[in-house]
Amino acid sequence: DANETTCFHAAYSLAAIGKPAVPELIARLSHDGEDVRRNAGYSLVTIGQAAVPALQEAAGTEKPARARAAAVDALSNMGLAAAPAVTTLRTALRDVDGNTRKAAAYGLGNVGDAAAAAIPSLIDALDDSDDWVVRNALLAMAKLGPRAAEVVPSLSPCLRHENRYVRGKAALVLRRVGTTE
């Protein structure tokens with residue numbers, strides 16, 4: 001339906017069905033229409049942890065890029081419910097698709113303490129060619145605070161980065177990890 005409100009309500013009506021709606025919603029993550037993918041993602045986020053295993057599978061590298069990006073985006077917006085998907089998000093940080101990597105870095109910043117296992121992957125993401133991936137990786141580490149202290153030696157290039165958001169998030173990491181550097 002071309003009516004955004006109708007599509008939005010339909011997405012949340014499907015979410016109310018819960019786990020039985022997950023396979024159909026996962027199928028919509030490959031749809032040509034961005035709105036369809038986004039609304040399916042909203043539904044899956046609303047369903048929550050029951051959708052995580054299917055989203056992890058949909059994020060697999062053998063899936064189309066738009067489906068991987070939509071699945072990882074949904075995981076990234078689930079918050080703590082996506083904590084069991086940290087390994088999937090770490091893998092997605094190395095995806096060939098920039099939108100998938102960007103969403104993965106963002107998602108690792110939303111899964112709480114579980115993201116501590118991904119610190120080495122987040123540090124590797126600081127070398128990404130996409131500024132948003134770098135920014136989101138820095139934000140994820142800032143949220144971890146002192147647990148991300150091992151990133152400090154890798155921050156020099158970020159503090160001199162041409163992108164002001166990258167520089168700002170690098171400074172935020174330094175503040176949050178509690179270093180005097």
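**A working chat on side chains**

Trainee: What does Arg-38 count as, going by relative accessibility?
Mentor: Arg-38 counts as partly exposed, because its relative accessibility is 33%. Partly exposed sits between under 20% for buried and over 50% for exposed. Keep in mind that this is a predicted model.

Trainee: Which side chain does Arg-38 meet in a salt bridge?
Mentor: The side chain of Glu-34. The N to O distance is 3.5 Å.

Trainee: Where do Arg-38 and Glu-34 sit?
Mentor: Both are in helix α3, 4 residues apart. Therefore about one helical turn separates them.

Trainee: And what does Glu-34 count as?
Mentor: Exposed, at 53% relative accessibility. The cut-off for exposed is over 50%.

Trainee: Which residues are linked with Arg-38 in a network?
Mentor: Glu-34 and Asp-35. Salt bridges link the three.

Trainee: How many salt bridges does the count come to?
Mentor: The count is 7. Another one joins Glu-24 and Arg-28, at 2.6 Å from N to O.

Trainee: Where do Glu-24 and Arg-28 lie?
Mentor: In helix α2, residues 22–28. They are 4 residues apart, about one turn of the helix. Glu-24 is partly exposed at 44% relative accessibility. Arg-28 is also partly exposed, at 35%.

Trainee: Which salt bridge does Asp-113 form?
Mentor: Its side chain meets that of Arg-147, with 2.2 Å from N to O. This pair links distant parts of the chain, 34 residues apart. Asp-113 is in the loop between α7 and α8, and Arg-147 is in the loop between α9 and α10.

Trainee: Is Asp-113 buried or exposed?
Mentor: Exposed, with a relative accessible area of 54%. Arg-147 counts as partly exposed, at 40%.

Trainee: New topic. How many aromatic pairs does a search of the whole structure find?
Mentor: The search finds 1 aromatic pair. The rings belong to Trp-132 and Tyr-165, with centres 6.5 Å apart.

Trainee: Why is the pair stacked?
Mentor: Because the planes are at 20°. Planes under 30 degrees apart count as stacked.

Trainee: Which parts of the chain does the pair link?
Mentor: Distant ones, 33 residues apart. Trp-132 is in helix α9, and Tyr-165 is in helix α11, residues 164–177. Trp-132 is partly exposed at 45% relative accessibility. Tyr-165 is partly exposed as well, with a relative accessible area of 42%.

Trainee: Now the inside. How many residues has the largest nonpolar core?
Mentor: That core has 58 residues. Those with the most contacts inside it are Leu-29, Leu-55, Leu-126, Leu-138 and Met-141.

Trainee: Which helix gives the largest share of this core?
Mentor: Helix α9, residues 131–144. It gives 9 residues.

Trainee: What is Leu-126 in contact with, leaving aside its neighbours within four places in sequence?
Mentor: Among them are Val-134, Ala-137, Leu-138 and Met-141. The list also includes Val-151 and Cys-158.

Trainee: Last one. Which residues make the nonpolar surface patch of about 260 Å²?
Mentor: Phe-8, Tyr-12 and Tyr-42. Tyr-42 is found in helix α3, residues 34–47. Tyr-42 is partly exposed, with a relative accessible area of 32%.

Note on methods. Residues are numbered from 1 along each chain as its sequence is written. This is a predicted model: local features need pLDDT of at least 70, side-chain atom pairs count only at pLDDT 80 or more; totals for chains, interfaces and linings use all residues. Side-chain values use heavy atoms; hydrogens and water are left out. A nonpolar core is a set of buried Ala, Val, Leu, Ile, Met, Phe, Trp, Tyr and Cys residues joined through side-chain atoms within 4.5 Å. Buried means under 20% relative accessible area, exposed over 50%, partly exposed in between (1.4 Å probe, protein chains only). Helices (H or I, at least four residues) and strands (E, at least two) are DSSP runs, numbered from the N terminus. Contact means heavy atoms within 4.5 Å. Patches are made of residues with over 30% relative accessible area and no salt bridge: like charges are joined within 9 Å, nonpolar side chains (Val, Leu, Ile, Met, Phe, Trp, Tyr) within 5 Å. Accessible areas come from the Shrake-Rupley method with a 1.4 Å probe; for residues, only the protein chains shown count as cover. A salt bridge is a side-chain nitrogen of Lys or Arg within 4 Å of a carboxyl oxygen of Asp or Glu. Rings of Phe, Tyr and Trp (its six-membered ring) pair if their centres lie within 6.5 Å; planes under 30 degrees apart count as stacked, over 60 as edge-to-face and the rest as tilted.
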